[in-house]
Amino acid sequence: MRTYAPATTAAVLSRLLEEPSLRSAVVHHEVLPERPADSVPFPDWLDARIVGGLRSRGIESLYRHQAEAIEAVHAGEDVVVVTPTASGKTLCYTLPVLQALADDPSARALFLFPTKALGQDQVAEFAGQALASSLQIAVATYDGDTPAPIRSAIRTAGQVVVTNPDMLHSAILPHHTKWFQLFEQVRVIVIDELHTYRGVFGSHVANVLRRLLRLCRHYGSNPVIVCASATIGNPAELAAQLTGRPARLVNRNGAPRGERHVLLVNPPILDVATGARASALSHAQRWALPFIRAGRQTIVFGKARVAVEILLTGLRESLREHLGPRSRIRGYRGGYLPTERRSIERGLRDGEILGVVSTNALELGVDIGSLDVSVLAGYPGSVAGTWQQLGRAGRRLDPSVGILVASASPVDQYVIHHPEFLLERSPEEARCDPDNLHVLLAHLRCATFEMPFEPGEVFGPAPADDLLAFLGEEGHVRQAGDGRWYWSSENFPASEVSLRAAAPENVVIIDTTPNRPRVLGEVDLFSAQVLVHERAIYIHESVQYYVDRLEWHERKAYVHKVDVDHYTYANRAVTLKPLDVFAEAPATGGRRVHGEVMVASLVTLFKKLKFGTDENVGWGPIDLPELELQTTAYWVTADVATGPDRGRDAWRRDDLDVALVGAGRALQAVAAVLLMVDPRDLGLVSQVRSPHQESPTIYLYEAMPGGVGLSERLWARHDELVVGAAGLVEACPCDSGCPACTGPRLDPEVDAKALALRLLRTLGAAAAPGSSMPAAEARVA
């Protein structure tokens with residue numbers, strides 16, 4: 001017997017808004033009206049078979065952005081298509097490719113997707129369109145899961161090759177002589193999910209594309225490049241950075257949209273003195289449950305793997321108690337095996353799965369069908385990411401609901417109280433730095449291995465001769481008598497370059513519960529230290545596993561199934577050492593500095609926290625090696641006196657410690673807003689007496705190897721940053737500091753808010769009295 005009754009999305013929302021405890025938490029409710037389609041007829045040059053195939057699938061015309069994109073590609077122009085989720089971007093590149101193959105079956109196309117899942121999803125979509133068009137086209141995925149016998153067939157006969165940047169970098173470009181049919185005949189290169197190619201990953205991919213286009217020129221081809229992206233602030237600029245070529249921007253969305261409700265929700269304050277709020281996870285669960293019980297397909301996004309498993313466990317338990325569709329709720333995140341993920345995607349498309357709890361793994365365009373409701377447990381860290389996740393609901397013309405539930409973090413609290421930040425502001429600008437010297441040198445090695453360099457040949461911003469001479473000193477390359485540069489090392493350079501992370505290895509998780517141990521999933525090295533340390537509770541698909549041992553050097557964690565009422569949370573201690581100063585200048589009350597730093601992180605202990613209440617029920621030590629990250633940072637030093645013998649204005653050491661942490665957290669939150677980046681891209685370290693600066697210092701470091709230029713922009717905008725941080729702390733309604741401004745209060749007797757403001761005013765915030773958080777329209781320099 002079931003006790004849940006089907007209802008429309010609008011009816012469930014209306015019922016929820018009548019409940020006082022939920023209604024009072026709604027800070028803003030925006031209704032985005034229904035929008036009709038802006039359609040145009042098929043162009044005359046489009047092959048009749050392709051038109052017939054589209055009509056057989058119920059497509060009688062093109063949206064305006066689709067028509068504009070395929071006309072540009074047909075004219076030989078590079079294109080970047082930027083429209084919201086579910087607006088039909090796929091046809092913008094599949095139609096030109098189908099047309100090229102209809103005209104000439106010997107033509108080739110290369111599709112690049114950031115993940116294997118997305119690539120496999122698009123193979124099925126393209127093959128279906130080709131079949132409907134009565135075109136015999138060999139389309140295949142070439143990734144790490146492709147069996148060896150099939151690989152050789154794809155190399156010789158694959159008309160459309162679907163892969164990811166990692167495989168292009170390590171398996172296709174170094175072996176280009178086996179792929180000569182592709183390189184000679186490639187007409188179209190597709191780069192989907194362009195907005196994901198930012199930061200270090202984007203810098204690497206830009207250099208992979210430099211190598212790809214260099215080989216295309218060698219084989220005599222000049223393909224058109226079609227980029228597709230979610231809404232970002234600088235799509236044409238990013239496409240030019242990645243490809244080295246200008247692209248025509250297509251951004252007039254012609255797709256229809258049903259009515260969409262966007263709710264910004266702030267969980268209630270539980271303790272006015274400390275500013276503690278109800279958990280965003282439990283509040284998100286309260287909003288999602290009624291929709292799932294009413295049979296509305298719902299996706300809940302958590303910001304981290306542990307958050308996903310806590311939400312999944314809570315939803316399943318609630319549905320078990322009320323005889324709801326418990327088995328139809330699934331989790332989806334990195335660490336699940338590919339077969340599990342494919343089965344979840346299929347279940348969402350065919351309606352078998354009613355609810356899914358996911359990290360941002362489902363933010364990208366994997367086809368999961370038409371969902372009704374999207375609930376975000378915490379601000380995803382960017383405007384673009386927020387709309388990507390909210391856009392997962394409303395893939396039909398029916399009404400849809402998107403709910404953002406704020407956590408207690410300063411950035412979340414700013415966003416929730418400034419609806420214009422989300423609703424009226426241009427999304428972030430995605431940045432990458434292809435000319436980062438570390439990255440450029442790594443790919444110059446790979447490019448020389450692939451093909452000798454001519455004297456004066458340009459690779460990146462300038463001729464490569466000086467850099468090649470440097471590599472020659474290391475013995476990797478040599479200049480022959482003909483003046484060309486040749487690879488001269490026995491090493492295979494591509495295998496030594498990871499596109500995505502500082503540490504390419506993962507830790508494999510092995511379940512020893514059954515008679516025959518099985519692989520449960522895997523996690524990256526950085527996450528492994530906090531998720532699968534010995535005695536941790538690792539949660540997978542809401543099932544708990546106890547970690548018996550972690551063999552760090554073998555990269556294996558052994559676990560067995562348990563049923564306990566708590567989960568584990570590990571503390572990570574971070575130390576920082578400056579290596580070099582790139583720029584330094586005096587600032588009000590101290591100095592501002594931009595330079596290179598070494599960040600070492602060590603996981604030292606873990607806590608056992610009860611589900612639901614987060615009550616601490618125990619702890620234990622962790623013994624694992626330190627991980628190091630070399631990156632760039634911005635830091636500010638304060639010229640303040642400490643100690644009782646230094647005068648009336650001197651700081652007590654304990655007070656200064658609290659002030660540095662509080663001011664640092666506020667600076668970190670404002671930096672994320674000023675630069676429009678994910679708050680997790682910037683790490684924070686504060687030191688009362690920095691051994692390197694001899695004075696109190698706050699460091700904001702970039703959380704990726706080598707950095708991508710964020711710290712340099714913070715150094716340039718130092719004054720705005722300090723004034724904005726003071727405004728954030730001052731405007732907070734708490735009495736003496738809380739998680740929304742200065743961070744969790746460690747000592748209830750200490751006024752962290754007043755101390756942080758005193759320090760920020762010393763650093764120049766007083767120069768602009770009454771200033772508040774930077775305006776929502778603040779743009780990246």
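In this predicted model, Val401 counts as buried because its relative accessibility is 3%, a value that falls under the 20% limit used for that class. The residue belongs to strand 18, which spans residues 400-405. When neighbours within four places in sequence are left aside, the contacts of Val401 are with Thr9, Leu13, His261, Leu263, Phe291, Asp372, Val373, Ser374 and Ala393. By contrast, Arg653 lies 252 residues from Val401 along the chain, and the C-alpha atoms of the two residues are separated by 50 Å.

In soluble globular proteins, nonpolar side chains tend to be buried together. The largest nonpolar core of the model comprises 105 residues, and those with the most contacts inside it are Leu263, Trp287, Ile403, Leu667, Leu759 and Leu760. Helix 21, covering residues 653-675, makes the greatest contribution to this core, with 13 residues. For Ile403, once residues up to four places away in sequence are excluded, the residues touched are Leu263, Val265, Trp287, Phe291, Ser374, Val375, Leu376 and Leu390. Another core, lying apart from the largest one, contains 42 residues, including Ala140, Tyr197, Cys216 and Cys432.

As regards the confidence of the prediction, the pLDDT averages 85 over the chain, and 91% of the residues score at least 70. Across residues 767-781, however, the pLDDT is below 50, although this stretch has 39 contacts in the model beyond near neighbours in sequence.

Definitions and conventions
Residues are numbered from 1 along each chain as its sequence is written. This is a predicted model: local features need pLDDT of at least 70, side-chain atom pairs count only at pLDDT 80 or more; totals for chains, interfaces and linings use all residues. Side-chain values use heavy atoms; hydrogens and water are left out. pLDDT is the predictor's confidence in each residue, from 0 to 100. Contact means heavy atoms within 4.5 Å. Helices (H or I, at least four residues) and strands (E, at least two) are DSSP runs, numbered from the N terminus. Buried means under 20% relative accessible area, exposed over 50%, partly exposed in between (1.4 Å probe, protein chains only). A nonpolar core is a set of buried Ala, Val, Leu, Ile, Met, Phe, Trp, Tyr and Cys residues joined through side-chain atoms within 4.5 Å.
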